[in-house]
Amino acid sequence: MAEPGIEEKRKGAAPSAGAAQKSATLQYDGKSYSLPIVEGTESERALDITRLRQDTGLITLDSGYGNTGACRSSICFIDGEQGILRYRGYPIEQLAEKSSFLEVAWLLLYGELPTPERLTGFTREITRHTMLHEDFRRFFDFMPKSAHPMPVSAAAVAALSTFYKEADTEDRVFRAIVRLLAKMPTIAAYAYKHSIGQPPMYPRNDLDYCSNFLYMMFATPCEPYYVDPVVARVLDLLLILHADHEQNCSTSTVRLVGSSQSSLYATIASGISALWGPLHGGANQKVIEMLERIALEEGSAEVFLRKAKDKDDTTRLMGFGHRVYKSYDPRAAILKKSCKEVIERVGASSKLLEIAMRLEEIALEDDYFVKRKLYPNVDFYSGVIYQAIGIPVNMFTVMFTLGRLPGWIAHWLEMRKDPDTRIGRPRQVYTGHRERAYVPLDQR
Ligand code: SDX
């Protein structure tokens with residue numbers, strides 16, 4: 001059934017999907033306008049409205065941009081109906097099983113899997129830039145210990161722009177990319193240590209990316225920390241699964257802020273701020289809080305789901321639903337499988353996992369969720385694993401930040417190189433007052 005307001009121009013068969021229709025016709029105000037159709041690699045099609053306002057005086061209105069393409073991009077492909085996710089053409093399932101986070105980061109940034117020499121060099125560069133300038137100690141000291149680590153991380157990343165020159169040459173761009181990927185784990189671990197009143201642990205160059213992060217998080221000057229290679233590998237998998245996801249809220253924020261040619265560090269800080277929202281990256285923390293609440297009030301999975309379906313109740317089944325996926329999020333499927341392995345390996349409680357699986361089982365048979373095509377998304381199971389490997393709940397969204405960082409930077413790079421890039425400046429439909437005269441204070 002066509003959506004209200006969109007009338008089929010020709011009754012009967014819709015234009016055949018295969019027809020290579022090159023344009024669409026808009027009838028407006030007694031005139032016909034031909035709008036070009038743009039077709040992507042995977043045959044998804046878009047109406048190019050670049051000249052719409054210039055030719056017709058009309059703009060489009062699309063709250064939340066659910067029907068609006070912001071750009072052409074070759075970084076990430078999602079088919080929400082089929083539950084497909086590929087980074088530069090490689091299926092997420094293959095990358096999850098065979099690749100590493102730094103290799104995926106290179107792939108997202110530069111478009112191809114790195115040669116062994118390139119990956120070795122990239123890894124070495126990142127390893128050697130993990131330390132923060134010693135003045136950052138004072139930065140963290142000024143932060144309240146009770147502060148959530150997401151605004152602390154966003155502020156710290158923005159502060160990097162006060163230490164380093166602008167990324168205005170190719171060499172400086174590469175150095176800025178290395179610094180961000182190298183220092184983000186250190187910033188995250190420092191924010192955590194500050195929040196628990198412990199001294200920060202300096203990074204170690206003898207550890208791999210994920211082992212180094214775990215070391216900085218959990219070692220103390222009084223007690224060494226043994227990095228379980230299985231835990232480090234699971235963390236690497238989590239970062240791969242979060243590395244990119246086309247034009248999501250935080251990536252679109254990075255593109256919009258970056259389009260003003262602001263500092264790359266400040267641009268990434270804006271992405272961190274957008275990701276913090278509970279409807280976006282902040283959902284993983286909300287999922288665990290939801291599962292823990294259900295665990296406390298025995299047998300309330302059914303009660304909780306009733307509230308999540310109640311239009312008068314703002315409760316949502318966190319970790320469920322997605323703007324693009326109208327089938328199972330492939331990342332959630334991979335994480336659900338890993339949950340059981342990790343919990344068994346580290347000997348963590350499986351209670352929250354059992355509740356999550358119970359919620360999924362009930363929801364996927366409930367008409368409310370089925371009709372709206374609401375399935376588990378990446379956040380539904382990720383928190384169960386983070387908790388099992390000892391990551392504190394308020395650090396979950398910071399973990400999402402670590403994963404999404406190469407994706408954000410890749411989109412910034414692509415936008416920067418795109419000759420069609422202009423400063424992002426959407427229009428609006430004004431619904432306020434018509435012109436009116438100022439009323440002096442003594443006459444109001
Ligand atoms: C991420 O964009 C990305 O790619 C994001 C991400 C990435 O990798 O970057 O995948 C990461 O952000 C995953 C999403 C994490 N957020 C959550 O899990 C929060 C819970 N989910 C929802 O709030 C919601 O599903 C969104 C925000 C994810 C999507 O919102 P939409 O596309 O705007 O959908 P909607 O709010 O218009 O919902 C459509 C209907 C509504 O009901 P009706 O008005 O049709 O009656 O579905 C209902 C909603 O009330 N609904 C839910 C629900 N999600 C949607 N009802 C109960 N529980 C939910 N979780």
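**Cavities and their linings**

Q: Which helices each supply at least two residues of the lining of the largest cavity?
A: They are α4 (116–127), α7 (170–195) and α8 (209–218); helices are DSSP runs (H or I, at least four residues), numbered from the N terminus. This is a predicted model, where local features need pLDDT of at least 70 and side-chain atom pairs pLDDT 80 or more, while totals for chains, interfaces and linings use all residues. Residues are numbered from 1 along each chain as its sequence is written, and side-chain values use heavy atoms, without hydrogens and water.

Q: What makes a space a cavity?
A: On a 1 Å grid over the protein atoms alone, a cavity is a set of points where a 1.4 Å probe fits but cannot get out; lining residues have an atom within 4 Å of a point. By this rule there are 2 cavities of 30 Å³ or more.

Q: How much space lies in the largest cavity, and which residues are closest to its centre?
A: The volume is about 80 Å³, counted as the space filled by probe spheres set on the points, which are joined across faces, edges and corners. Of its 13 lining residues, T127, T130, D208, Y209 and N212 are the closest to the centre.

Q: Why are 9 residues lining the second largest cavity called nonpolar?
A: Ala, Val, Leu, Ile, Met, Phe, Trp, Tyr, Cys and Pro count as nonpolar, Asp, Glu, Lys and Arg as charged, and the others, Gly among them, as polar. By these classes that lining has 9 nonpolar, 3 polar and no charged residues; F140 and M143 are among the lining residues.

Key. 1 Å grid on protein atoms, 1.4 Å probe; cavity = no way out; pocket = protein on both sides within 12 Å on 5 of 7 lines; lining within 4 Å.
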